[in-house]
Amino acid sequence: MNAIENVTGPVFRPGDDGFPGELAGYQVAHPHRPDLVVGATSADDVMVAVRYAVDHGQPVAVETSGHGRGEPLRGGVLISTRRMDGVRIDPVARVARVEAGTRWARVVAAAAEHGLTPPSGSSPEAGVVGYTLGGGIGVLARELGWASDRVRSIDLVTTAGPRHVTADSDPVLFRVLRGAGQGLGVVTAMEIELAPVGRIYGGALSVAAEHVPALLAAYREWTADLPERLASSIGALPYPDLPMVPEHLRGRYVAQVRIAHTGPAAEGERLVAPLRAAVPTTGTLGELPSTRAAEIFNEPPTPHAYTGTNAMLRELDPAVLDAALGIAGPDAPVMCVLGLRHLGGALARPPAAPDAVAHRDAPYLLQVLSLVDGTDAPGRLHRELMDAVAPWTAGRTPNFRFGEQAAKDWPIEVPGRAELKADLDPKGVFHA
Ligand SMILES: Cc1cc2nc3c(=O)[nH]c(=O)nc-3n(C[C@H](O)[C@H](O)[C@H](O)COP(=O)(O)OP(=O)(O)OC[C@H]3O[C@@H](n4cnc5c(N)ncnc54)[C@H](O)[C@@H]3O)c2cc1C
């Protein structure tokens, strides 16, 4: 039998002082309730924890930030990767090697020292590995492509032991891990390609509630013909009337248009001008270092309880925009954060080595997210919206499905994954 005492990092059991802190994450709904938490500090620790779980017939979950926690673990072993947060940049090869628990903020900062940027998203505190296993749509995604497209290698611990996975060594596993990779093992490190971007032109423009329908119509036209160095999205929500909310947003329904352009500022300004002319906006765009790109989204830093889903759209039919605003807009019975991302560009091109990203040619992503209120009202409303846009929906992307219900309602099937799961995890130890 494998002794859990062989791990170098701390081990926590219910009742231990550090136990509640290890379970805390960004998502506060449905926390894990394991019998044991292993605070892994190395791939060896991860291996000991996995072998212990296999020997004792217990399920294993892995968590970094808790941003993407789905169904909670009941009993079993939680491997907390937070202590494994090393980053090494190879500026010549333009590659970052990151450990299991590294968050994007560390990679963004380390890469920027060499004038490079990773395919990071709107939340600097999200974990690189969890994000990339689900595909990963970054702030500059139309130019950089899916994060999983940029993965060079993956170190994985399975129930049979460690393996270094590359396109040459293990093409099927390498494909499935990049886009549908959760629940097959524990990734202990990853190598990801960086891009030579040091500055961007961008920011967020605010649009008041009465102009939001016109904004969506104008956005549809504007995004029909843009170079891929211009990435944009819209987020619309009723901002709470609370002191921590900036005064111009407090208690109002406002849409934010987020812009990130990697070309010269003058070109960015020229490209955005038609949208600015179409609807009244407030706010300014300007040049900023790529280290500040995530600020354009201004995600809430405070942990909270949320649920949400998405639709990868084949086209942005006006009926989709009407359904989005009619069902989940300012008059929705449940507070909804609506999101609309312009995809395309590099996101639509096939990667050098095939991966498991589905519907990559979808030109738009519709997102909806609500706070968990203890009822099934948010889930019902999200389903109503997803049903209404079903005629234009190609499928869903894993990363923007949040909460227990989302994973149950819409499983994502990828060719070859079920066979790999049966082979790598025959006892079904890894909890997805
Ligand atoms: C505010 C916010 C902003 C976001 N912005 C973006 C965005 O711009 N683009 C985008 O694509 N996504 C975005 N996401 C979604 C995010 O990428 C996913 O939720 C992702 O799962 C987060 O990974 P994590 O490791 O931080 O989360 P965790 O909750 O810690 O992990 C999520 C899951 O990933 C798996 N996992 C994590 N680490 C490992 C590992 N080492 N080995 C094996 N499996 C592992 C596990 O299955 C785990 O349950 C955002 C989410 C939030 C809440």
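Biologist: Which residues come nearest the ligand?

Modeller: This is a predicted model, where local features need pLDDT of at least 70 and side-chain atom pairs pLDDT 80 or more, while totals for chains, interfaces and linings use all residues. Residues are numbered from 1 along each chain as its sequence is written, and side-chain values use heavy atoms, without hydrogens and water. A residue counts as near if one of its heavy atoms lies within 4 Å. Of the 31 residues around the ligand, those that come nearest are T64, S65, S122, G127 and I137.

Biologist: Happy with that! How far from a nitrogen atom of the ligand is the side chain of S122?

Modeller: Polar contacts here are pairs of N or O atoms within 3.5 Å. For Q182, a polar side-chain atom and a ligand oxygen atom are 3.2 Å apart. For S122, an N or O atom of the side chain lies from a ligand nitrogen atom at 2.9 Å.

Biologist: How much of the ligand's accessible area does the protein cover?

Modeller: Accessible area comes from the Shrake-Rupley method with a 1.4 Å probe. On its own the ligand has 950 Å², and the protein covers 96%.

Biologist: And which element gives the most to the shell around the ligand?

Modeller: Elements are DSSP runs numbered from the N terminus: helices (H or I, at least four residues) and strands (E, at least two). Those giving two or more residues to the shell are β3 (60–63), α4 (128–133) and β9 (186–193). With four residues, the one that gives the most is α4.

Terms used: Polar contact = N/O pair within 3.5 Å; in protein donor to acceptor, adjacent residues only side chain to side chain.
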